[in-house]
Amino acid sequence: MENLRGIIMMTAAMAGFALEDMFIKLSTAHIPVGQVMIILGFGGAMIFFLLARRHGLSLLAPDLFKPAVLLRNLGEVLAAIGFLSAITLTPLASASAIIQATPLVVTLGAALFFKADVGWRRWTAISVGLFGVLLVIRPGMAGFQPASLFAVLAVVGLSLRDLAVRRVPRSISSLQLAAYGFGVLIPLGIVILLIGPGPAPMTGQLWLYLLGASVMGAAGYYAVVEATRLGDVAVVTPFRYFRLLFALVIGLAVFRETPDVMTLTGAAIIIGSGLYTFMRERRGFRQR
């Protein structure tokens with residue numbers, strides 16, 4: 001029963017993140033990305049700041065300025081720039097498909113920087129998964145969209161974040177990290193507005209979009225945490241890929257985006273490689 005509840009929570013989390021992406025894409029059709037970053041950063045930081053205070057946590061703890069935390073925040077910055085730009089300029093499904101390669105890049109980074117034991121099977125899966133990314137991006141071909149490289153930047157940022165968090169002191173909670181992760185978006189958005197298009201007028205509809213994005217993002221984060229606490233990791237983790245399924249449905253229903261065969265093929269290869277890598281990691285963990 002706990003695994004079933006975990007699956008439901010993980011699926012709900014992925015739906016929440018997909019809806020967050022939808023609201024952001026709807027917003028960036030009318031206002032600059034930097035403006036969206038400021039509003040989302042403020043909203044998310046406030047949500048997690050209040051949650052942290054409720055648990056008696058301080059946002060001014062000395063450990064929050066450790067190199068690992070700062071490196072994690074740099075990853076958040078790169079991920080925000082990359083993914084917000086990608087879903088603004090490219091189809092939602094394409095950006096979401098490329099993002100699914102993040103676990104593969106994390107495994108690659110763990111092998112290169114932390115000397116993690118990665119056998120030839122997982123190296124092969126990583127290579128095949130990255131080939132799937134190339135199918136989605138298709139550099140040098142007629143369907144190549146340079147803006148899709150923003151999604152690759154997001155993968156680099158997310159991977160840096162996930163690798164850096166392994167060195168974050170245990171005295172720092174997830175709530176504190178989340179508050180800082182959203183908080184860094186505020187100065188980043190200001191800089192982007194200063195060097196690019198200035199702020200645009202806000203309408204009631206845009207405020208509702210961004211409120212929806214903030215609520216869905218926070219709800220998704222909470223649901224992921226609950227899913228990993230309730231269910232076995234090996235059971236609930238594969239349901240992370242439901243985010244791409246939800247993105248495909250939203251892209252078709254809301255934005256009239258129809259992914260082509262190469263995008264779908266690349267997405268299937270990325271997901272298959274990710275699942276295989278996860279199962280190999282799980283088997284290796286059990287054998288230790």
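Start by selecting threonine 263, which touches Ser94, Val136 and Arg138 when residues up to four places away in sequence are not counted; contact here means heavy atoms within 4.5 Å. This is a predicted model, in which local features need pLDDT of at least 70 and side-chain atom pairs count only at pLDDT 80 or more, while totals for chains, interfaces and linings use all residues. Residues are numbered from 1 along each chain as its sequence is written, and side-chain values use heavy atoms, with hydrogens and water left out.

**Stop one: around threonine 263**

Threonine 263 belongs to helix H13 (residues 261-287); helices (H or I, at least four residues) are DSSP runs, numbered from the N terminus. Its relative accessible area is 6%, so threonine 263 is buried. Buried means under 20% relative accessible area, exposed over 50% and partly exposed in between, with a 1.4 Å probe and protein chains only.

Now pick serine 94, in helix H4 (residues 92-99). Serine 94 also counts as buried, at 13% relative accessibility. Leaving aside neighbours within four places in sequence, its contacts are Val136 and Thr263.

**Stop two: the cores**

Next, select Ile24, Ile87 and Ile98, the residues with the most contacts inside the largest nonpolar core, which has 46 residues. H3 gives the largest share of this core, 7 residues. A nonpolar core is a set of buried Ala, Val, Leu, Ile, Met, Phe, Trp, Tyr and Cys residues joined through side-chain atoms within 4.5 Å. In soluble globular proteins, nonpolar side chains tend to be buried together.

Which residues does isoleucine 87 touch, not counting residues up to four places away in sequence? They are Asp21, Ile24, Lys25, Leu92 and Ala95. A second, separate core has 13 residues, including Leu59, Ala178, Ala179 and Tyr180.

**Stop three: aromatic rings**

Rings of Phe, Tyr and Trp (its six-membered ring) pair if their centres lie within 6.5 Å; planes under 30 degrees apart count as stacked, over 60 as edge-to-face and the rest as tilted. By this rule there are 6 aromatic pairs. Show phenylalanine 65 with tyrosine 180: this pair is edge-to-face, 6.4 Å centre to centre with 85° between the planes. Phenylalanine 65 lies in the loop between helix H2 (33-54) and helix H3 (67-89), and tyrosine 180 in helix H8 (residues 174-183), so the pair ties together parts that are 115 residues apart in sequence. Tyrosine 180 counts as buried at 19% relative accessibility.

Move on to phenylalanine 239 and phenylalanine 242, a tilted pair with centres 5.3 Å apart and 45° between the planes. Phenylalanine 239 is partly exposed at 21% relative accessibility, and phenylalanine 242 is partly exposed at 30%. Then select Phe48, Phe182 and Tyr221, which form one aromatic cluster.

**Stop four: charges over rings**

A charge sits over a ring if NZ of Lys or CZ of Arg is within 6 Å of the ring centre and within 35 degrees of the ring normal. Arginine 167 lies over the face of phenylalanine 114, 4.2 Å from the ring centre. The charged end of lysine 25 sits over the ring of phenylalanine 255, 5.5 Å from its centre.

**Last stop: helix H12**

Select the buried residues of H12: Arg243, Leu244, Ala247, Ile250, Gly251 and Phe255. Seen down the helix axis, they fall within an arc of 120°, so they line one face of H12; the arc is that of the directions from the axis to the C-beta atoms. Finish just after H12, where arginine 256 takes a positive phi of about 55°.

Definitions and conventions:
Helix = DSSP H or I, 4+ residues; strand = E, 2+ residues; numbered from the N terminus.
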